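This report covers helix packing and ring contacts in one model.

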Amino acid sequence: MKADDPWDGLVELIMRTCELQTIDRGVTELCTSALPDAPGLRAARERVGEVCEKVLARAHDAGVLRPDFGLDDLAFAIAAITRAAPLGDWRRHLTFLLDGIRPQDT
């Protein structure tokens, strides 16, 4: 599903990814583990990375995302939120993240 608004699309991507990884801890492990003998997994990660890059670029182009927030930042933020999910309401922490990645003038 493609959101018309670039910010909404980014939020949807992050929210769905966090939901999936907090519901299925196995997905989190697959997303964050180094498995050199799994070329299919590597290809899937590359495809996910391409999609994420497009969503980030769209948000950057629209000026709704801090210009210094990139794919590595996104991966780190999602990993941090989903790994900390058992400690509390991950949606609350996601709200803090979303507030922090918006440009200050929006």
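Rings of Phe, Tyr and Trp (its six-membered ring) count as a pair if their centres lie within 6.5 Å, with planes under 30 degrees apart called stacked, over 60 edge-to-face and the rest tilted. By this rule there are 0 aromatic pairs. The model is predicted, so that local features need pLDDT of at least 70 and side-chain atom pairs count only at pLDDT 80 or more, while totals for chains, interfaces and linings use all residues. Residues are numbered from 1 along each chain as its sequence is written, and side-chain values use heavy atoms, with hydrogens and water left out.

A charge does sit over a ring: Arg102 lies over the face of Trp7, at 4.0 Å from the ring centre. The rule asks for NZ of Lys or CZ of Arg within 6 Å of the ring centre and within 35 degrees of the ring normal.

Helices (H or I, at least four residues) are DSSP runs, numbered from the N terminus. Axes are lines fitted to C-alpha atoms over the stretch in contact, and angles run from 0 to 180 degrees between N-to-C directions.

| Helix pair | Angle | Axis separation |
|---|---|---|
| H1 (residues 6-23) and H5 (residues 90-101) | about 150° | 11 Å |
| H1 and H4 (residues 71-83) | about 40° | 9 Å |

The angle with H5 makes H1 roughly antiparallel to that helix, a term for angles over 145 degrees; under 35 is roughly parallel, 65 to 115 roughly perpendicular and the rest oblique. H1 is oblique to H4.

Contact means heavy atoms within 4.5 Å. Ala, Val, Leu, Ile, Met, Phe, Trp, Tyr, Cys and Pro count as nonpolar, Asp, Glu, Lys and Arg as charged, and the others, Gly among them, as polar. In the other contact, Leu13, Ile14, Thr17, Cys18, Gln21 and Thr22 of H1 meet Leu74, Ile78, Ile81 and Thr82 of H4; the division is 6 nonpolar, 4 polar and no charged.

Thr22 touches Thr82, Ala85 and Trp90, not counting residues up to four places away in sequence.

Terms used
Helix = DSSP H or I, 4+ residues; strand = E, 2+ residues; numbered from the N terminus.
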